[in-house]
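Here is a friendly walk through one protein model, meant to be read with the structure open beside you. Let us look at a helix, some strands, and then the side chains that pair up.

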Amino acid sequence: MSIQEVKIANDIESYLKEHENKQLLRFITCGSVDDGKSTLIGRLLHDSKMIFEDQLAAIKNDSKKTNTTDNEFDLSLLVDGLQSEREQGITIDVAYRYFATDKRKFIIADTPGHEQYTRNMATGASTADLAIILIDARYGVQTQTKRHSFITKLLGIKHLIIAINKMDLVDFSQERFEEIKKDYLEFAKELNLTSDLTLIPLSALNGDNVVNLSEKSPWYKGETLMNTLENIEISQDRDLIHFRMPVQYVNRPNLNFRGFCGTVSSGIIKVGDSITVLPSKKSSTVKEIITYDGNLEYAYAQQAITITLNDEIDISRGDILVKSEEQPELSDSLDVDIVWMNEEPLIKGKSYYIKRASTTVVGNIESFYYKTDVNTLEQEQTDSLELNEIARVKLSLNQSIAFDPYNQNKPMGSFIVIDRISNNTVGAGMIIQKSEKSKATATGEFSAFEVELNALIRKHFPHWEAKEIL
């Protein structure tokens, strides 16, 4: 029996309490097709004793039909659950798996390697703290390696593990490992990748350097993949300075109580702190911080709370509560990066719902700055965006919203794009900054639309000045 099984058998309540207080690490695996992403996750689960006996028996049975290895069973089948995935030996959809060790809880997202599933990979990476990018030791740094590195940078993942897999197929050659390491570090410098980087030689198929150090690579002096996952520091990644709480629900059960419910996106709030409501800019002070388990003196990021105030001010769903001395920016014109996820292309001028946290407004693309070729990383001029393409655009909203840049605060700097007719999510975006005023506005000149409107005004209302109503 494993240590966890012994704890569960002896004292289930203390085990559950201990498990509840463990830190959670979300991570993704990505890389080229056939680099061994699903097999690596299966190996992590298997060697850390996280597979139930009935699961193992089912995989052994399925392996008789679709086993792509010479082993007793195919570990990739733990993750590749779709029939089409098993038939083709590839990952298509994002598969999530949950497991825990004595030190941490983990949520793994196994993301597709094919370019046509870029949107799936971006979805899995959007909530990740860490990314494992696999590289086949035989082929080295590939186009997909660069593409996934770019997307992890775009999505603000601060920790990267470069797992150089299938080292058993190159006889655990230190020379080959160092060659791939040099190539990737040169690319990372070119990409201006600022993430924390760790490179590990391993064999997912045989388990070398995954959970246990391998005797086949005595030259490798680093940690195993599991030790790295258990010990990497992520507590500093979250913004504990700037308090932000999108209001999700106004709780008004009777005349004597009015509470504002939500999950703290970032920062810390205490009873007595001065807060401002955005976009109205009304201010008050915190009277109580209420949770299901009782009142708190303070709350911090990722806690679900209800706040009551000392003043009656108008607050509704979609408003943002912030500390009065730490306010974000407000704007109705934003420079953003967009990952397009719909078969119908994104074009200028078409209206969409823009949903950021609990705030929903109407917006459209005013102009395209450029789109990025995710294979070559070259920037190209464009006037539309196709499925799985990524572009930097100027987003115009029908009203101002409060925001922080995505690289500072993910919840306050990210949004989804929703089609107003089908109500489907068609894109995801990251806010870079407030847009600069157009040249015409900055110089006091009229745009083409304003010139046309001015002519109409002069024709029908000759005594009015256009500037008075524009």
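Helix α3 spans residues 37–47, and because nine of its eleven residues are buried, the helix is largely enclosed by the rest of the structure. Keep in mind that this is a predicted model. The buried residues of α3 are Lys37, Ser38, Thr39, Leu40, Ile41, Gly42, Arg43, Leu44 and Leu45.

**Strands around β24**

Now turn to strand β24, which covers residues 414–418 and pairs with strand β19 (residues 352–356) in the antiparallel sense, over three bridges. To find this pairing on your screen, look for Tyr353, whose bridge partner in β24 is Ile418. Strand β24 also runs antiparallel to strand β25 (residues 425–434), and five bridges join these two. Here Ser414 stands opposite Met430 of β25. What do β24 and β25 form, and how many residues lie between them? They form a hairpin with six residues between the strands, and Asn423 in the turn has a positive phi of about 65°.

**Salt bridges**

Side chains of opposite charge can pair when their charged atoms come close. In this model the count comes to twelve salt bridges.

| Residue | Partner | Closest N and O atoms |
|---|---|---|
| Arg138 | Asp136 | 2.8 Å |
| Lys434 | Glu329 | 3.8 Å |
| Glu366 | Lys394 | 3.4 Å |

Lys434 forms its salt bridge with Glu329. That pair links distant parts of the chain, with Lys434 in strand β25 and Glu329 in strand β17 (residues 329–340), 105 residues apart. Lys434 is partly exposed, with a relative accessible area of 37%, and Glu329 also counts as partly exposed at 37%.

Glu366 forms a salt bridge with Lys394. This pair, too, links distant parts of the chain: Glu366 sits in strand β20 (residues 359–372) and Lys394 in strand β23 (residues 390–403), 28 residues apart. Are these two partners buried or exposed? Glu366 counts as partly exposed at 39% relative accessibility, whereas Lys394 is buried, with a relative accessible area of 8%. Elsewhere, salt bridges that share partners join Asp136, Arg138 and Lys166 into one network.

**Aromatic pairs**

A pair of aromatic rings is described by the distance of the centres and the angle of the planes. The count here comes to five aromatic pairs. One of them joins Phe27 and Phe106: the ring centres are 6.2 Å apart and the planes stand at 80°, so the pair is edge-to-face. Since Phe27 lies in strand β1 (residues 23–31) and Phe106 in strand β3 (residues 104–110), the pair ties together parts that are 79 residues apart in sequence. Phe27 is buried, with a relative accessible area of 1%, and Phe106 is buried at 1% as well.

Tyr184 and Phe187 form another edge-to-face pair, at 5.9 Å centre to centre with 65° between the planes. Both residues lie in helix α8 (residues 174–191), three residues apart, which is about one turn of the helix. Tyr184 and Phe187 are both buried. Ring pairs also link Phe27, Phe99 and Phe106 into a cluster.

**A surface patch**

Tyr298 is found in strand β14 (residues 298–300) and counts as partly exposed at 47% relative accessibility.

Methods:
Residues numbered from 1 in each chain as written. Predicted model: local features only at pLDDT ≥ 70, side-chain atom pairs only at ≥ 80, totals over all residues. Heavy atoms only, no water. Buried < 20%, exposed > 50% of the residue type's maximum accessible area, 1.4 Å probe, protein only. Helix = DSSP H or I, 4+ residues; strand = E, 2+ residues; numbered from the N terminus. Pairing = 2+ DSSP bridges. Salt bridge = Lys/Arg side-chain N within 4 Å of Asp/Glu carboxyl O. Phe/Tyr/Trp six-rings, centres within 6.5 Å; stacked < 30°, edge-to-face > 60°.
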